[in-house]
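Open the model in your viewer and get ready to select residues. We will go stop by stop.

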Amino acid sequence: MIAAKVVDWATLGKVVLAALTSGVVVAIGFSCALLGAVRSTEMRRAGRVLEAGGFAVIGLLGAAVCAALIVGGIIVMTSK
């Protein structure tokens with residue numbers, strides 16, 4: 001097979017796995033950030049302060065995950 005001589009399949013597999021993993025983590029993190037922001041606002045309007053705080057923490061953690069992955073991606077791209 002000609003492609004076996006040209007393509008390093010192990011490295012390509014690692015790249016695909018890393019892209020898939022980071023894509024899923026970014027999607028989940030951003031979803032948590034949106035969920036936390038929306039539910040925190042709803043709970044605060046309903047007068048449920050404790051629940052609003054909990055959802056605010058979820059939103060902040062989701063935003064922090066997204067920001068960390070963006071910074072990590074920029075560091076990896078600029079170091080190579």
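Select Glu 51. This is a predicted model, and in it Glu 51 is partly exposed, with a relative accessible area of 33%. That label applies because 33% falls between the cut-offs of 20% for buried and 50% for exposed.

What do the side chains of Glu 51 and Arg 48 meet in? They meet in a salt bridge, at 3.7 Å from N to O. Arg 48 is partly exposed too, at 40% relative accessible area.

How many salt bridges does the count come to? The count comes to two. For the other stop, select Glu 42 and Arg 39. They form a salt bridge, and their closest N and O atoms are 4.0 Å apart. Colour helix H2 and find both residues in it. They sit three residues apart, about one turn of the helix. Glu 42 has 42% relative accessibility and counts as partly exposed. Arg 39 is partly exposed as well, with 37%.

Next, clear the selection and show the surface. Which residues make the nonpolar surface patch? Select Val 25, Val 26, Val 65 and Leu 69. Their patch covers about 250 Å². Two elements give two or more residues each to this patch: helix H2 (9-45) and helix H3 (49-79).

Finish on Leu 69. Look for Leu 69 in helix H3. Is Leu 69 buried or partly exposed? Leu 69 is partly exposed, because its relative accessible area is 34%.

Definitions and conventions. Residues are numbered from 1 along each chain as its sequence is written. This is a predicted model: local features need pLDDT of at least 70, side-chain atom pairs count only at pLDDT 80 or more; totals for chains, interfaces and linings use all residues. Side-chain values use heavy atoms; hydrogens and water are left out. Patches are made of residues with over 30% relative accessible area and no salt bridge: like charges are joined within 9 Å, nonpolar side chains (Val, Leu, Ile, Met, Phe, Trp, Tyr) within 5 Å. Accessible areas come from the Shrake-Rupley method with a 1.4 Å probe; for residues, only the protein chains shown count as cover. Helices (H or I, at least four residues) and strands (E, at least two) are DSSP runs, numbered from the N terminus. Buried means under 20% relative accessible area, exposed over 50%, partly exposed in between (1.4 Å probe, protein chains only).
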